[in-house]
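Dear colleague,

Please find the structure below, handed over for your reference.

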Amino acid sequence: MGSDSTTSPGSSATAESLMLRAIEETLPGGTVTAFVDDDEVLRAAGFGPIGHVAERLLTGPSAGWQWVEYAGAHPVRDAAAAYRDGDHRALDRYPVSQPGTELMQSTWRALRQVTPGAPVSYAELARIAGAPRAVRAVASACARNRIAPFVPCHRAIKTGGGLGGYAYGLAVKEALLRAETT
């Protein structure tokens, strides 16, 4: 397995012992559920209610993780509020960690460098990630991203301007891209 991306120093949680807080927030495109560990590192996020997102994302290396709903104040809520208020880099700055190969990690880091409101093609993303000949692998890394929209895979589009795919549907991808251009 590859390294984790943008992790907090000293994180010692393991898949067997990890307890996460599940936080729901509203963003353009719908409700986002974020799963955060005790070090305030985001481990999984996606559009939909808590149970649905947990079932979809807390699998494989994350299958043993447990979670509890959290309704209090939290930096994830602050980042979501800043995003809604026009700071479209707010989610990009939140610390995240997800398992993946080195190419996947490079792709996810590159996605966080893409300027909001200026989506890039999968080919351009591959170049930014340092793998210009691995366009399909980069697109696959986008599809396997378990921390959307904090790792903003919605900012990758097809060459020629078509939207391509999005795990949470093209309407959600369109809503995020539209919000980032205003």
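Predicted model: local features only at pLDDT ≥ 70, side-chain atom pairs only at ≥ 80, totals over all residues.

Residues are numbered from 1 along each chain as its sequence is written, and side-chain values use heavy atoms, with hydrogens and water left out.

The sheet is open, with 4 strands in the order β3-β2-β1-β4 and mixed pairing (strands pair if DSSP finds at least two bridges between them; helices, H or I of at least four residues, and strands, E of at least two, are DSSP runs numbered from the N terminus). Because β3 (42-47) and β4 (66-69) each have a single partner strand, one side of each edge strand lacks a neighbour in the sheet.

Helix α2 (residues 75-84) packs on the sheet and touches β1 and β2 (contact means heavy atoms within 4.5 Å).

Of the 10 residues of helix α3 (residues 102-111), 7 are buried, so the helix is largely enclosed by the rest of the structure (buried means under 20% relative accessible area, with a 1.4 Å probe and protein chains only). Trp108 and Leu111 are among them. The buried residues of α3 pack against α4, α5 (135-143) and β6.

In helix α6 (residues 170-180), the buried residues include Lys173 and Glu180. Their cover includes β3, α2, α4 (122-128) and β6 (156-157).

Key:
Axes fitted to C-alpha atoms, helices over the stretch in contact; angles between N-to-C directions. Buried < 20%, exposed > 50% of the residue type's maximum accessible area, 1.4 Å probe, protein only.
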